[in-house]
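Subject: Structure handover

Hello,

Please find the structure below, with the sequence. My notes on what was found follow it.

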Amino acid sequence: MTKFSKTKIAVSLVGLVVGFAVMASTASAAYTFTTNLKQGSRGADVMNLQKVLNSDARTQVSVSGAGAPGSETSYFGAATKAAVIKFQNLYAAEILTPNGLTSGTGFVGLSTRAMLNTMDGMTSGTGMVPGCTSLVGFSSTTGQSCATGPTMSTVAGCTSMIGFSPTTGQKCDASTTTTTVGGGVMVSLSSDSPLGAAAIAGQAIADLAHFTFTNTSATEAKVTKVVLNRTGYSSDSTLSNVYLFSGAERVTDAATVSTGVITFDNTSGIFTIPAGGSKTISVQADIAASTAGQIVGVSLASVDANVSVSGALPIAGNPQSIASASMGTVVFTYTGPSAATDNPANEVRVFEASTVVSTHKARLESVTFENRGTTKDGDLKNLKLFVDGVQVGSSVASFVNDRATFDLRSTPVSLETGTRIIKVLADIVGGSSYTYDVQIRRASDVRVVDAELNQPILATTFAVAAGTANTIAAGTLSVTRAASSPSSNIAVGSTNVKLATFEFRAAGEDVKIEAITVDTETSVHVGGLDNGKVFVNGTQVGSTLDIAEAGTEFTFGSSFIAKAGALTLVEIYADAKTSTSTSLSNAETVDVGVIVAAADTEGLSSGNTVTAVSEVEGNSITVSSSSLTATKASGYGDQTMIAGTNNAKLGSFVLSAGSTEGINVNTIVVELSSNESATITDLMLKDGSMGTQIGSTKPSPSTSNSFSVNFTIPASGTKTIDVYGNIKSGMNAGPWIATIDTTTGGTGATTANSATIGSDLNLQTITVGSGTLTVAVNSGSTPNSYNAVAGTSDVKVGTFRFTSQYSPFTVQEMKVKIPADAATSVSAVTLKWTGGPAGGISQALALSSGAETHATSTFTGLSFVVPENQNADLDIYVTIPTIASGASTGKAISGQGYGICTQVNTDTRIFCNYGCIGRRIKHRNW
């Protein structure tokens, strides 16, 4: 067979498998570009570059003349540069994107040469697809587009000549027919399966194809066998190791290619698919060195599972051409712990490696660690990955089937050239006496991508592991007094009270505690404590026993197991009584401690005992009698009230329970003198915060008034109680004081022991008197003397300030007097006050006659309110008529007020004399 014939065979294969719209070059059937080229370069590389560019109408150097198909030259000129830019833009994903470029440069560097090398053997000097005479239509011999090269097919269900028809099972190039099976798992080529990619000779885990397995059955699908066929123009040894991955997780060990077949077989299941779910499996392989120029791919030939499988098998992935390039290198050297003995602890260094990155910087996209020691998955938890001391990715909870994967694909870690330190920290919580050996087992377990070539680097020196496995030290048990251990007083005679809380922590392994000894010390009595109990995490374990001063052993069998890495709370309860049921005394102290003997422990992993725990004591606790105290409420002071006041607050006090226990208050006694009881009616108690009545009302109180009540004050809690009553009208002025009697009290909420306030409490002094209302000129608001114009209304002549004490007042009647010599110069008087009628209330001025010295405006039915213990202002305005209406120039207008005021609470009416305004306003006719 001639060289030309061989070239045509290669073209046919590429046209059918790869689908490029290119043709073989008679001048270069297997040319490899090894040097960089740019405008001005000369030589054979340039001529072959032009031939490759001319193989595609989209990147042609020239249509005619120098550089045109068949007229390629050895000079790299402007036309060649423009064609290279078109080529780079056409294959931007392979050339530009990995280098952070968005547009071609015309410089033929490493990435461009790698892509050009995939074109070798696929061009013919004519620039036309075989069977085409122009760039219009499709080839009559291959079915390819004459313009772009995608293949067409007449096989039903196919859109190209690649793959198999989903409707007939026939190969799209019409050469073979396959059988379609039906069932619960549907298999298809994934939409994200690599298309038109280029692998590099010597790289690791090249991504060849993605297949999606969809489980339409109602049960979990377990795939037990997967058979792949090698496709393309390659040999078995081209794929040196083949793996199946689920995302970043490798699900198989390496398989080899035997006569074009790759088989994965595991009766326990290679991977599983949940009912109604799907899983995408990628086929990845190491590419052998010195394989540049080959074309390689895989097709899915058969699948075995516990349910039936459907799909147009075989399903072919898209073939990839293999280029030659100088890839970066990554070398791992283990520097982590080896033959170490580690105590259980948090953030223990369990792996470390010195990682040397050379040639190109790289991206760490995933790494899987395998624990080859004898520990179980749950013994090492909370794994964290660090690169150069900085945590990357999320923590991994624990190993699963001895493997832990850090998936960094969404945020890859940049590894600059030089030495990088990769480290894993973990919490050791179990595995006492067992070993751990955390390692990167195989090259396929770490995905480090060459940042320039965008392909995984085949890392070397595996496994990256300790020389000798590390040992986890024997289990330990620690006991400490809990911060929450009780310290408050307990009541005399109280039962089933918590006396101490301890924190038990096991490390290295779960520890069974078969018994603990509890002892006690009391400051007065001898005889220990009655009814001792041990609670573990809120549940009683062991029997109820008296606690002896020398110590009592509580046994638990297998009911008390302290879990490694977890906190176990142990609480001790007993009665505040001796073992003979004698109550401990007021002010007596009691201490409780625990002891754990080594012989009473067992490490559940190792079977060994742990170190004994000497006595750990709780807080010293004081026994105290139940107490209730009463104090005057600080927020309510002595008061002055007027006779006739209803619903008067006559006192306020606070009841306080001691810290030992709460008090159920059942009795409050209010004592009065004979005169005090005769002064009021309807004596009652109210809740100071809610305002609701407590107990019944005493319509006619006596000197001793006992109220039956029912409320509880919690330990160290308080409640404010108010005393209310009606003060009779006509009572004599003088002090009134209620007393809370010493018998006020109740019983302990826990012990039911009696508790009273212990001594009498005198409440606030209430002075019974009468309300007063004083009036004065408000000089700050009354105008100074000034001239007013005749014919003016609303001329302010003064302000009266009313001040009340002990009672609100209402001004009902008011008279305003104007001197007789000025009366003709005032036609009306108006009163105004805040809250009064809009515009005020006006009255005409009644002129004086005879011997009268004043003219008067009389107001009745007023509702001018002066609140209790406050001020209120009343403004006086006058209207001045014109000269023609009787006003006299030069007259000085002044006034005086007097009238009737009513004391609101008692309806008592008093006469109010307001006095002279004290300002004169002269008017002029200007």
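At 2% relative accessibility, I205 counts as buried, because buried means under 20%. This is a predicted model, so please read what follows as computed from it. I205 sits in the loop between β2 (198–200) and β3 (206–215). Its phi is positive, about 30°, although I205 is not a glycine. Most residues other than glycine have a negative phi.

A second residue of this kind is N496, whose phi is near 50°, again positive in a residue other than glycine. N496 is placed in the loop between β28 (490–491) and β29 (497–507). Is N496 buried or partly exposed? With a relative accessibility of 39%, N496 counts as partly exposed.

Two peptide bonds also need a mention. The bond from L313 to P314 is cis, with omega near 0°, and P314 lies in the loop between β11 (309–310) and β12 (315–316). The bond from F462 to A463 is cis as well, with omega near 0°. A463 belongs to the loop between β25 (446–450) and β26 (470–472). Most peptide bonds are trans.

For the overall picture, the protein has 926 residues, of which 50% are buried. Its secondary structure comes to seven helices and 68 strands. Among contacts with a separation of 6 or more, 74% are between residues 24 or more positions apart. The protein exposes about 38800 Å², and carbon and sulfur atoms supply 49% of that area.

Of the helices, α2 (residues 44–54) is mostly covered, with nine of its eleven residues buried. Among the buried ones are V46, L49, V52 and L53, but also D45 and K51. The cover over the buried residues of α2 includes α3 (78–90) and α5 (110–117).

On the surface, E521, E549, E615 and E617 gather in a patch of negative charge. E615 is found in strand β39 (residues 613–617). E615 has a relative accessible area of 35% and is therefore partly exposed.

The loop between β38 (601–603) and β39 holds S605, which counts as partly exposed at 33% relative accessibility. Which residues does S605 contact, leaving aside its neighbours within four places in sequence? They are S432, Y434 and E509. The C-alpha atoms of S605 and V511 are 8.5 Å from each other, and the two residues are 94 residues apart along the chain.

Regards

Key
Residues are numbered from 1 along each chain as its sequence is written. This is a predicted model: local features need pLDDT of at least 70, side-chain atom pairs count only at pLDDT 80 or more; totals for chains, interfaces and linings use all residues. Side-chain values use heavy atoms; hydrogens and water are left out. Patches are made of residues with over 30% relative accessible area and no salt bridge: like charges are joined within 9 Å, nonpolar side chains (Val, Leu, Ile, Met, Phe, Trp, Tyr) within 5 Å. Accessible areas come from the Shrake-Rupley method with a 1.4 Å probe; for residues, only the protein chains shown count as cover. A salt bridge is a side-chain nitrogen of Lys or Arg within 4 Å of a carboxyl oxygen of Asp or Glu. Lys and Arg count as positive and Asp and Glu as negative; His and the chain ends are not counted. The place of a charge is taken as NZ of Lys, CZ of Arg, CG of Asp or CD of Glu. Helices (H or I, at least four residues) and strands (E, at least two) are DSSP runs, numbered from the N terminus. Buried means under 20% relative accessible area, exposed over 50%, partly exposed in between (1.4 Å probe, protein chains only). Contact means heavy atoms within 4.5 Å.
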